[in-house]
Amino acid sequence: MSDPVVVLDDLRSESEEVDRLVRELSDERWAAPTPAEGWTVAHQIAHLAWTDRAALLAVTDPGAFAAEAEKALAAPDRFVDEGAAEGAALAPAVLLDRWRDGRERLERALREAPPGSRFPWYGPPMSAASMGTARLMETWAHGQDIADTLGVVREPTARLRHVAWIGVRARDYAYLVRGIEAPPEPFRVELTAPDGEEWVYGPPDAAQKITGPALDFCLLVTQRVHRDDTALTAVGEDAERWLGIAQAFAGPAGTGRARAETGRESGQTGRARAETDRESAGTGRPPRGA
């Protein structure tokens, strides 16, 4: 994912899809609890707005971002929740305007960034394309929490390729935040896209291999589904272990989502399994800041 124009175009489309989910909601629905414990729909949008603001600082004022990052390091277990709570306390219309303004300013700054620019972040520095990919992944994941809350089944799109890519790239990070040594050899990942295309990563002769629906992989690496509720297949003990800890987002190790009452053994995959997830929304605890 090296072309920032493509990534940012897709980020805009993803943001607009989430915007459509919330723009007509009543105040009561904005206050509805989501699968992330303690977070309402308003918290989800507030978190997106808060993170867009942090990303904008990283792009336009690295010094100011460094100060914000220091605050995060001083309170690693609170800063995400506190940022979301602050925004969620706003009137829905004000919060929605804040999110729209922030994401538009961030998109413009990333589009105008000189080629080759690198920006500080809570993890390794990021290029414009990587920053855009991270924002798309998070927008999609929090949009999933909102859709689950509202009982909406979203049609998966080719934009999932960005989520899948960052999920693969973040393999070693999932081990790092758990204090586990990552396997030295690369894995092979073969995913079936929503349109039937194959997305492949890693050497074809890798001993450790993962195959299955791209939607399931993206839900797993954003910790919106339990490993047992996917149709993903792992070849090799290391590959299976990774699927149990995978996370595509920066920050502490996520707790993931509890296993649904029905899932892989019932043959549910893709859209059909997503229907079950809507029915069981709130039974698990996906990460709030991812």
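What follows is a quick tour, from the whole chain down to a few single residues.

## The big picture

First things first: this is a predicted model. The protein chain contains 12 helices and 4 strands. Of its 290 residues, 53% are buried.

## Two helix pairs

Two packed helices are described by the angle between their axes and the distance between the axes. Start with helix α1 (residues 4–22) and helix α6 (residues 92–112): they pack at about 175°, and their axes lie 11 Å apart. An angle over 145° counts as roughly antiparallel, and α1 and α6 are therefore roughly antiparallel to each other. On the α1 side, the contact involves V5, L8, D9, R12, S15, E16, V18, D19 and V22, while α6 brings in L96, W99, R100, R103, E107, L110 and R111. Sorted by class, this contact has 7 nonpolar, 1 polar and 8 charged residues.

The other pair is helix α3 (residues 41–60) with helix α7 (residues 128–150), packed at an angle of about 175° with axes 9 Å apart. That makes α3 roughly antiparallel to α7. Which residues meet here? From α3 come V41, Q44, I45, H47, L48, T51, D52, A55 and A58, and from α7 come M131, R135, E138, T139, H142, D145, I146 and T149. The class count for α3 with α7 is 7 nonpolar, 6 polar and 4 charged residues.

## What's inside

In soluble globular proteins, nonpolar side chains tend to be buried together. In this model, the largest nonpolar core has 55 residues, and L191, F217 and W242 have the most contacts inside it. Setting aside neighbours within four places in sequence, W242 touches G167, V168, R171, A174, Y175, F187, V189, I210 and F217. There is also a second, separate core of 18 residues, with V18, V41, A42 and A49 among its members.

Helix α8 (residues 160–169) is mostly covered, with 8 of its 10 residues buried. Those buried residues are L160, H162, V163, A164, W165, I166, G167 and V168.

## A few residues to look up

Apart from neighbours within four places in sequence, E17 is in contact with R154 and R159.

E112 is exposed, with a relative accessible area of 61%. The C-alpha atoms of E112 and A128 are 9.4 Å apart, and these two residues are separated by 16 residues along the chain.

Last stop: Q223, in the loop between α10 (214–221) and β4 (233–235). Q223 is not a glycine, yet it has a positive phi of about 60°. With a relative accessible area of 6%, Q223 is buried.

Technical notes: Residues numbered from 1 in each chain as written. Predicted model: local features only at pLDDT ≥ 70, side-chain atom pairs only at ≥ 80, totals over all residues. Heavy atoms only, no water. Axes fitted to C-alpha atoms, helices over the stretch in contact; angles between N-to-C directions. Helix = DSSP H or I, 4+ residues; strand = E, 2+ residues; numbered from the N terminus. Parallel < 35°, antiparallel > 145°, perpendicular 65-115°, else oblique. Contact = heavy atoms within 4.5 Å. Nonpolar A, V, L, I, M, F, W, Y, C, P; charged D, E, K, R; others polar. Core = buried A, V, L, I, M, F, W, Y, C linked by side-chain atoms within 4.5 Å. Buried < 20%, exposed > 50% of the residue type's maximum accessible area, 1.4 Å probe, protein only.
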